[in-house]
Amino acid sequence: MTSEETGDEAVVFGDEFVADEILARLPARCAARCTVLSKRFRQLLASPHFWVRHHRLGPPPELPHVARLYRHDFGMAFEFHVVGPAFAMKHTVDAARCSYAGTCNGFVLVSSVSSGDQGQFSVEGVVFNPATREEARLSLPLPEPQNKDVERRIMGFGYGPSSKVYKALIREVDFDVDCTRLMVVSLDGNDGQEPRTVFSSDHDMLCRHSLHTADGKVYLLIFTMYLTGEEGRQHVENWETTSVLMFDVDNEVATSIAVPQGHISDFMMLELHGRPCIYKQKGQDTVIWLLTADHRWERLYVLVNESSQRGDYFAGAWDCGGGLVLAVFKMSGAYLYNLHDEAAAEGDNEGGKRLAAVRSYGWSEQFNDTWFAGPSNLFDYRLTLISPLSIVSDAALSACRPRECVVREQELDKIFLEMTQKLVLGPAMQMLANL
């Protein structure tokens, strides 16, 4: 104990186990403020394991918030925004030729593509923490591919609650033999193992975005290709989502779970109530299916889209917290839904609560023309103070230094703030005031 700590402090905070239990249950902003109390508190709050516990034990955000990731001009940078009633964060990361891969425990991962014909035996990416504006540039070594026409990219990453290790998932597509493999690599580098193959198929493909949940699972959509033509001259006639691949980070076991019958989006998954969800279009409306802990699909909600624009389609959603979901439709704009709406009607014979929007926001022409960072740019975000360098070993770090990233201010920032204030923050204050 340092000389600055008084006897009273020693009585209250002398037991680090007790301090950890208390802090892990505080709201994130309150816990972060405790770093000024003492050196011991700063060390505790800088621990990766503390914030993982906080995600599991801590309360949900006090009021709803939303996050966004979009790509700037020419794909030279990603800009990440988080907006809530009491804070706004913005972070720009230099990530040329990268695409969004996934999030985990407050980190965001973007990945580039490596090709066997270019002699690349590693895959590159960037893990960054928007709250601290720190980043770790990855270079994960991989075995030399058997063929030249091979594409590799990081699909996402997850955290094992038992092993306390972050692991990256890498998709390898061998176009010479039409084979897809999924490999796992430990980011801490302490296991000394080569990349392990956990999934392989010659007729299924994996969506390049993943979804990580707090129970140490990573979910990816699998879509099956249907070929036509003679052998050696076949081409893809159609494809459809057939299952979800669930990867257990601790056990490194991949399990395939069939999806409900009917057209399911091939592009992304959502997270509601802490569980993975898929969706399908039903006319202008969107049907949300939730995967329960025992691997059953539950038809949960029908989000009503009252837009008159033909061809409008669902492009993603935030689970904002507080029972609010902000859904985005590509052509018409954004809609806010209250999941606890007692006046909501039951759906058709297939079940599910039918929800009408409580607020809407139409896109301006400038916002509608924006190229987002892929359909999975809408995801839940929770604050962490962990440095990304603390979860990655030196062997997995890239020797390349990022270029200075100069990004001009965009009108989109103002539109995003205006949208969140109108759609999320204002309604949230009214709803909470009426409780």
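Predicted model: local features only at pLDDT ≥ 70, side-chain atom pairs only at ≥ 80, totals over all residues.
Now select Cys 34. This cysteine is buried as well, with a relative accessible area of 13%. Do not look for a sulfur bridge: the structure holds zero disulfides. A disulfide would be a covalent bond between the sulfur atoms of two cysteines.

Select residues 314–321 for strand β21 and residues 324–329 for strand β22. The two strands run antiparallel and pair over six bridges. Seven of the eight residues of β21 are buried, so the rest of the structure largely encloses this strand.

Go to the turn. Two residues sit between the strands, and Gly 322 has a positive phi near 65°.

**Stop three: the aromatic pairs**

How many aromatic pairs does a search of the whole structure find? The search finds six. Each such pair is described by the distance of the centres and the angle of the planes.

Show Tyr 159 and Tyr 166. Their ring centres are 4.7 Å apart and the planes make 55°, a tilted pair. Tyr 159 has 5% relative accessibility and is therefore buried. Tyr 166 is buried too, at 4%.

Phe 314 belongs to β21 and Phe 329 to β22, so the pair ties together parts 15 residues apart in sequence. Is Phe 314 buried or exposed? Phe 314 is buried, at 2% relative accessible area. Phe 329 is buried at 0%.

Ring pairs join Phe 107, Phe 157, Tyr 159 and Tyr 166 into a cluster.

**Stop four: the nonpolar cores**

Keep Phe 157 and Tyr 166 selected. Both belong to the largest nonpolar core, which has 34 residues. Which members touch the most other members of this core? They are Phe 50, Leu 140, Ile 154, Phe 157, Tyr 166 and Ile 170. Apart from this core lies another, of 26 residues, with Met 89, Tyr 100, Val 110 and Phe 128 among them. In soluble globular proteins, nonpolar side chains tend to be buried together.

Centre on Ile 170. Leave out its neighbours within four places in sequence, and its contacts include Val 123, Leu 140, Leu 142, Ile 154, Met 155, Leu 182, Met 183 and Val 185.

**Stop five: Ser 122**

Leu 140 and Leu 142 lead onward, as both are also in contact with Ser 122. Ser 122 is in strand β6, residues 122–129. Its relative accessible area is 17%, so Ser 122 counts as buried; the cut-off is under 20%. Show its side chain: a polar contact of 3.2 Å reaches the side chain of Glu 124. Beyond four places in sequence, Ser 122 also contacts Ser 114, Ser 139 and Pro 141.

**Last stop: Glu 418**

Select residues 411–433, helix α7, and pick out Glu 418. Glu 418 is partly exposed, because its relative accessibility is 47%. Finish with a distance label to Tyr 361. The C-alpha atoms of Glu 418 and Tyr 361 are separated by 9.6 Å, while the two residues are 57 apart along the chain.

How values were computed
Residues numbered from 1 in each chain as written. Heavy atoms only, no water. Helix = DSSP H or I, 4+ residues; strand = E, 2+ residues; numbered from the N terminus. Buried < 20%, exposed > 50% of the residue type's maximum accessible area, 1.4 Å probe, protein only. Phe/Tyr/Trp six-rings, centres within 6.5 Å; stacked < 30°, edge-to-face > 60°. Pairing = 2+ DSSP bridges. Core = buried A, V, L, I, M, F, W, Y, C linked by side-chain atoms within 4.5 Å. Contact = heavy atoms within 4.5 Å. Polar contact = N/O pair within 3.5 Å; in protein donor to acceptor, adjacent residues only side chain to side chain. Disulfide = S-S within 2.5 Å.
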